[in-house]
Each structure stands twice: as structure tokens, then as C-alpha cells.
Amino acid sequence: VNKDNSTIAVSSSLNPSLVGNNVTFTAAVNGTIGNPGGTVTFVIDGATQAPISLGLGTTAAFTTSFPTPGNRSVVANYSGGVMTNAGSGSLAGGQQVKAAPTLALGSSANPSVFGQTVSLNATVSGVGPTPTGTVQFTLDGANLGAPVALNASGVASISVPAASLTVGTHPAGFSYSGDASYTAGTPAALAGGQVVNAAATTTALSSSVNPAAAGANVIFTATVSSAAGTPGGNVVFTLDGTPQTPVPLNGAAQAVFSISTLAPGGHTITAAYGGNASYASSTSLPLAQSIALAPSAVTLVTSANPAPYGQSITLTATVTHTYPGVPTGTVSFSVDGVPTTVALNSARQASLTFTPSPGPHIVIATYSGDATFASSISASFAQMVTPPTVPTLATSRTLLLILACLAVFAVAGGHGRRKKL
């Protein structure tokens with residue numbers, strides 16, 4: 001009796017399958033009419049399983065699972081039947097068993113600051129061999145560059161340009177391509193996203209001249225610097241506690257404030273940078289600006305020089321200046337080293353009246369200064385006083401003659417009056 005030849009078709013319920021998931025292999029015996037009978041023995045990766053009877057059908061099924069990923073050979077051997085020859089078949093391409101990978105995404109700096117380059121690091125791991133394949137990074141919902149191959153450790157990295165990281169939070173993630181041992185898995189996301197903070201700044205303040213003369217134009221310069229680049233925005237100068245009008249930074253990140261009306265004395269100034277969307281605010285250290293007292297001069301004049309003996313003279317000191325304001329204080333008149341202090345009047349003058357003795361007298365005037373004007377000293381000069389007049393010999397004889405005549409006239413007049421009586 002000639003038996004029918006058989007063909008064995010092997011199929012899988014799920015190919016590829018996941019590690020640990022059940023897979024059912026089915027062997028279908030073809031090429032015979034009716035019930036072929038006999039058994040089917042599955043050989044999985046060289047391991048022979050128990051024979052399975054076809055019974056009244058033409059198929060046999062075997063269900064199993066795999067603990068590790070890889071490609072499994074699946075062979076079904078048919079024993080043959082009364083009217084059917086034995087045969088064998090295999091699963092084309094084998095059973096692909098893959099593991100679900102573990103995806104993790106990290107950042108080299110999170111949070112980072114504006115202007116800082118950040119590296120995103122993707123790690124793919126699993127229960128089997130080290131994953132291979134590529135990962136596609138994403139930032140703000142868009143692909144970031146081209147796919148990057150995993151290295152021998154299952155890690156891929158990409159550098160994120162600083163220009164892509166504005167201040168704020170940026171969603172970041174990656175997807176995995178999968179390989180022969182691993183599925184693509186679920187795309188990973190960076191927890192909380194990539195946080196970018198404003199870049200730190202420093203503000204330095206300088207003065208064009210310190211100390212400065214009263215009335216001089218003083219230029220204050222604020223320079224804002226940052227490792228992230230050149231900041232923009234405004235600077236507010238505060239002078240003695242009073243904020244001034246905001247000044248915009250120029251292309252060199254500098255702001256300038258000038259003033260020529262600082263009163264003599266000490267002043268405190270600071271510069272505060274307000275920051276912007278990319279750069280944090282900062283304030284300079286206080287700068288102590290000193291303004292010198294305004295110069296003054298004293299002019300000293302006398303009412304008469306030389307002056308005759310016995311005549312009172314008046315010394316007048318006038319304080320002159322160019323800086324706005326009216327000097328106050330006192331003037332000290334020194335006559336032969338003896339001082340006399342007199343208050344300045346509203347006309348910036350002080351006077352001293354005295355009656356000096358004959359001879360020369362050295363006089364000088366010293367202005368005391370005040371909170372605005374510096375002290376000053378006049379030029380000295382000699383005040384001359386002429387001595388009293390002394391009668392000469394000729395004038396003395398004339399005087400005696402006049403006196404004698406008067407006496408004679410007086411006697412003569414007396415006699416005349418007696419004769420008349």
C-alpha cells in the first residue's frame with residue numbers, strides 16, 4: 001500500500017513575542033485525505049517536547065514561554081500514520097522573542113542656566129544582552145537632530161545647543177528603535193522637563209573722577225557682565241537714596257549716568273540691573289563719591305591808606321566764588337597778629353572798624369569756609385597811620401610873638417578904661 005506524503009506547516013500565535021508571554025505553536029499536517037493519525041513532536045531550540053496526538057484532526061498545538069530574548073528554532077516532527085508518511089516542518093525564521101526595554105533619560109545639568117550647553121543622556125537596558133539600535137531625541141515636541149546609535153553600554157547622548165534652551169521648561173524625551181532582542185518600548189521623558197533659569201549677572205559701578213571738584217561733571221558707568229553672553233535691559237542708578245530715570249544698556253552692556261550738580265561732601269550711588277527674559281537682575285556695591293568743597297577767595301580793602309593819626313579806618317573783606325550759592329561763616333581780621341572775628345553778611349562781606357596807633361600795621365583776612373565753600377586767605381598788606389604833627393622852632397617863635405602882642409593889647413586896654421573913669 002502506498003502512503004501519502006505529508007507536509008508539515010508550523011505557525012506561531014505571536015511572532016515576535018515578549019519574554020515571559022505565552023506563545024502557541026501549531027503544526028498542521030497536510031497532503032493526506034481524512035484523518036492522518038499519528039503524533040507531532042515539537043523540538044524547541046533543540047529541546048524535544050512530549051509527543052502530541054493528532055487525534056481525529058490534522059493539527060497539533062504546543063504552548064510555551066521564553067524567559068530571555070532571542071531567536072528560537074521551532075521544529076515539528078510528524079510520526080506518520082496508517083496512510084501517511086512521516087514528515088517534518090519548521091517555523092520560518094524561527095520564533096523572535098524580545099524583551100521590553102527599560103528607557104531612562106537624564107540631563108547633564110537640570111536645572112541649567114541660559115547660555116549653558118546641556119547634554120541629554122539616554123540609557124536603554126533590559127534582561128538580556130545589551131540593547132543595540134538607535135534613539136531619537138526630542139525637545140519641545142520636535143525631533144532633536146538625527147537618530148543616535150547606542151554605544152556598547154546601551155547609552156546614547158546628544159548635546160543641546162544653548163540657543164535652543166531659552167529660559168523656562170522644555171519637555172525632553174527619546175524613543176528607541178528596538179533590535180533583535182528588544183522591542184521599541186515606551187518613549188521616555190525627562191522628569192519635569194529641562195528647566196532653564198536666567199543666567200547670573202554681576203553689575204560693577206565706576207566713577208570718572210573721585211574725588212571730584214564742586215561743579216565738575218561726574219560720569220558713573222555701570223557694566224553688567226554674564227558668562228552666558230551680553231545682557232540687555234535697563235539700569236537704575238540710585239543717588240543718595242533717590243532712584244534716577246532708567247538707562248538702557250548699550251551694545252557693550254554698559255549704562256552711563258552723568259551729573260554736574262552734586263553738592264560738596266559725600267554721596268552714595270548704586271546701580272541696579274533689572275534683568276530680562278534671559279538674564280537675572282543684579283545690583284552693584286555702593287560707590288562712595290566725594291565732592292570737594294567749592295573754592296573761594298577773599299579780597300581785603302581799607303577805607304584809607306595811609307590814614308592820619310587819630311582817624312578811624314574800616315577794613316572790608318569780600319568773599320568771592322564761582323560755584324552757585326552764597327558763602328556763610330565768618331572772617332577773621334588779623335591786625336599785627338591779633339585776630340577779630342566778624343560774621344559774613346548776605347552780601348558776602350565782613351567789616352572791622354578801628355583806630356590804629358601811628359606806624360605800619362600788617363593786616364590780613366581769613367575766611368572760615370562752610371559746608372559748601374572752602375576756607376581762603378586774603379593777601380596781606382601794611383596799613384599805614386601817619387604820626388601827629390610836632391611844632392617846629394620857627395612856628396614856636398611866631399607863636400610867642402603873637403602871645404606877647406596879645407598881652408600888650410590886653411594891658412593897654414585896661415589902662416584906658418581906668419583913665420576914662
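**Exercise 1. State how many bridges join strand 14 to strand 18 and in which direction the two strands run.**

Solution. Strand 14 (residues 118-125) and strand 18 run antiparallel and are joined by six bridges. Strands here are DSSP runs of E with at least two residues, numbered from the N terminus. Two strands pair if DSSP finds at least two bridges between them. Within this pairing, Asn-121 stands opposite Ser-157 in strand 18.

The model is a predicted one, in which local features need pLDDT of at least 70, side-chain atom pairs count only at pLDDT 80 or more, and totals for chains, interfaces and linings use all residues. Residues are numbered from 1 along each chain as its sequence is written, and side-chain values use heavy atoms, with hydrogens and water left out.

**Exercise 2. Determine the strand order of the open sheet of three strands, and identify its edge strands.**

Solution. The order is 12-14-18, and the pairing is antiparallel. Strand 12 (102-107) and strand 18 (155-160) are the edge strands, since each pairs on one side only. From one strand to the next, the twist averages 15°; axes are lines fitted to C-alpha atoms, for helices over the stretch in contact, and angles run from 0 to 180 degrees between N-to-C directions.

**Exercise 3. Describe the backbone and the exposure of Asp-140 and Asp-240.**

Solution. Asp-140 is not a glycine, yet its phi is positive, about 55°. This residue, Asp-140, sits in the loop between strand 15 (134-139) and strand 16 (142-143). Its relative accessible area is 41%, so Asp-140 is partly exposed (buried means under 20% relative accessible area, exposed over 50%, partly exposed in between; 1.4 Å probe, protein chains only). Asp-240, also not a glycine, has a positive phi of about 50° and is found in the loop between strand 25 (234-239) and strand 26 (242-243). At 43% relative accessibility, Asp-240 is partly exposed.

**Exercise 4. Name the residues that touch the most other members of the largest nonpolar core.**

Solution. A nonpolar core is a set of buried Ala, Val, Leu, Ile, Met, Phe, Trp, Tyr and Cys residues joined through side-chain atoms within 4.5 Å. The largest has 70 residues, and Val-135, Phe-137, Phe-220, Phe-237 and Phe-333 touch the most other members. A second, separate core of 18 residues includes Val-23, Ala-27, Val-29 and Ala-76.

**Exercise 5. Classify the aromatic pairs Phe-114 with Tyr-279 and Phe-237 with Phe-257.**

Solution. Seven aromatic pairs are present in the structure. Rings of Phe, Tyr and Trp (its six-membered ring) pair if their centres lie within 6.5 Å; planes under 30 degrees apart count as stacked, over 60 as edge-to-face and the rest as tilted. Phe-114 and Tyr-279 are edge-to-face, at 5.5 Å centre to centre with 75° between the planes. Phe-114 lies in the loop between strand 13 (112-113) and strand 14, and Tyr-279 in the loop between strand 29 (265-273) and strand 30 (282-283), so the pair ties together parts 165 residues apart in sequence. Both Phe-114 and Tyr-279 are buried. Phe-237 and Phe-257 are stacked, at 5.5 Å centre to centre with 25° between the planes. Phe-237 is in strand 25 and Phe-257 in strand 28 (residues 254-259), 20 residues apart. Ring pairs link Phe-220, Phe-237 and Phe-257 into a cluster.

Note on methods
Helix = DSSP H or I, 4+ residues; strand = E, 2+ residues; numbered from the N terminus.
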